[in-house]
Amino acid sequence: MPRIKILPLALQNKIAAGEVVERPASVVKELLENSIDAESTRIDIDISRAGKKLIRVSDNGIGMDKEDAVIAFERHATSKIKEEADLFNIQTLGFRGEALASISAVSKMRLSTSAGKDSPNVERQTIGTCIEAVGGEIREVKACPAIGTTVEVRDLFFNTPARRKFLKSDNTEDHQIIDVVTREAIAQYKIAFALSMDGQTLMDLPKASSEKERLFQIFGKEFVVQLIETESEYGWMHVKAFISNGAQFRGNKANQFIFINNRPARDSLISHAVYKSYGDALPRDRHPIFFLFIQIDPELVDFNVHPTKKEVRFADKSAVFNFINHSLEQALKGEIHYSDGLINIPADKGDPVVISASNDDLSYTVHQEIAEHTPLYCLDYSANMPYIYLGDTLVAIVDKGGLTIIDYHAAHERINYERLLKKGDIPSYTPLFPQNIRLDPAQYRIILDNIEILNEFGLVIEDFGYGTLIVRSMPSFLDGADINSLLSDIAASLPCRYGQEELDMPAPLDSARKALAAKIACHSSIRGGNEAPDGRRIAALLKDLSAADFPNTCPHGRPTKITISMNELKKMFKK
Ligand code: ADP
Ligand code: MG
């Protein structure tokens, strides 16, 4: 009994039409979705030359009999929907019956498959059907050994040279593929996934028992256990989430994942709901990490909006927004102390008022609890330099007949940035136990690609395979920095932006070095905390800053200091 039918014309016309095959990664996505819909428990993906030469996806799912396998190459041939009403209750990832037809039209495709998993009474067949098609035309149908389904796509866009030309560098296309596989693997923790590229295994994930275990497999336990885990339900919506706590923000959006009904999705409404949950605790230019697994009644969400199903539409947008926002806000309560918007501290670190005076260094500091919304100030005479700590990373000093406000974080960034670029001037630090860092496959590849430059900067990193890196030594000013976060930030900025706007060509070496130095400098630099900085440190910083080539701005172009001269001050007071 064939399961696959050609959709009636009226229904064909109701489906968001358009090109589904934009690049190798879109082929991988469609083939993975088919394997997932076929109830596979293991999927193997092999890629050669960024998918331009070969994309092979093998599964152990329900497969197809000969009749179905032939019809599957037709446009609008699907076993997943039958009538219009099904469009409003989609339970499978695919439903358009377009993918195999569109992919085979622009490649040389070989499909081998055997039916069998369907019914427990049917023996799994090992002799199946093999079909070869070139440019969408079936050339050969024959019997062949097969278990589950294997689709091989060779020479993508061989017959559409204009589209082939549009493809980006191998590096970029590889990253897109890794991104697609990573997202699908997170979405389907029950399925084992293996990805290899040009013979190198990049991912080998056994079946997991939960979303959390899948995240452990991909990102490493240390990274995941720091996240706040929460789960809630409201009527027709359910969410399980793993999100940054109040001190764990990133400089990029690489670690943000949304899944709706086990489908990787990008949705600005939901992202916005997450950001809003952090309120003032989220500093400007910082981004939360989040993994949201959302389940919504399929009748209340429409996936038939975009040809590649990139977008979704909710029947009740504001209900979804409020649900996500409220659930996460509840989870974050108690985890974040809302300060005056400048400083984040974990709940247990609010110091009571401390007044200390010690004779030996003549330091005299006053700390006040941040949560009281009072600005922090500090008078420190230890370095013969009175200054006022204004809070965040700002200190004010009076010199040369004027007032100078220094952003000591930006100043430190500038100093370290120039030191890194000048080489040889960086004391290094070798921890007793080398740090193991696990990154997702895309970030891992980028770090490996740039390992030499990192070495040059004193970050000595070794490859341990399967996404794990070992940090042997690092510049001493990185002691105490979150190395995982640093490497992930570096990966997000180089050389092919992951999950963001991408650079077509790898950046020229010089600008790659500069971008890297800026990232490292940013992580190394003293961060805004709830304590007034040591006066001697400030004095040393000022000295180093005055020796810098470009002392006035940090590597990102933000000012390191603002000076208001006595004359200007007088003017302000209309004197
Ligand atoms: P859709 O997934 O939208 O139905 P496709 O063109 O991707 O359309 O696939 C057409 C049909 O071929 C599917 O509906 C399914 O019945 C069958 N099929 C495709 N890939 C597989 C696979 N890996 N295992 C079993 N059946 C498959
Ligand atoms: Mg499909």
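This is a predicted model: local features need pLDDT of at least 70, side-chain atom pairs count only at pLDDT 80 or more; totals for chains, interfaces and linings use all residues.
Start at the ligand. The shell around ligand 1 holds 21 residues. The closest are Asn34, Thr78, Ser79, Lys80 and Gly97. By class, this shell has 8 nonpolar, 8 polar and 5 charged residues.

Next, look at individual atoms. The side chain of Asp59 places an N or O atom 2.9 Å from a nitrogen atom of ligand 1. The backbone takes part too. Gly97 has a backbone N or O atom 2.7 Å from an oxygen atom of ligand 1. For Leu100, a backbone N or O atom is 2.9 Å from an oxygen atom of the ligand. How much of ligand 1 does the protein bury? Taken alone, ligand 1 exposes 530 Å², and the protein buries 96% of that. Helix 2 (24–37), strand 4 (77–78) and helix 4 (99–105) are the elements that each give two or more residues to the shell.

Now turn to the helix pair. Helix 6 spans residues 170–187, and helix 7 spans residues 211–219. Their axes come within 9 Å and cross at roughly 150°. Angles over 145 degrees count as roughly antiparallel, so helix 6 is roughly antiparallel to helix 7.

Which residues meet in this pair? Helix 6 brings Thr182, Ala185 and Ile186. Helix 7 brings Arg214, Leu215, Ile218 and Phe219. By class, the contact has 5 nonpolar, 1 polar and 1 charged residues. Thr182 is the polar one, and Arg214 is the charged one.

Technical notes. Residues are numbered from 1 along each chain as its sequence is written. Chains are lettered from A and ligands numbered from 1 in the order in which they are written. Side-chain values use heavy atoms; hydrogens and water are left out. A residue is near a molecule or strand if one of its heavy atoms lies within 4 Å of it. A polar contact is a pair of N or O atoms within 3.5 Å; within protein, one must be able to donate a hydrogen and the other to accept it, and residues adjacent in sequence count only if both atoms are side-chain atoms. Accessible areas come from the Shrake-Rupley method with a 1.4 Å probe; for residues, only the protein chains shown count as cover. Helices (H or I, at least four residues) and strands (E, at least two) are DSSP runs, numbered from the N terminus. Axes are lines fitted to C-alpha atoms, for helices over the stretch in contact, and angles run from 0 to 180 degrees between N-to-C directions. Angles under 35 degrees count as roughly parallel, over 145 as roughly antiparallel, 65 to 115 as roughly perpendicular and the rest as oblique. Contact means heavy atoms within 4.5 Å.
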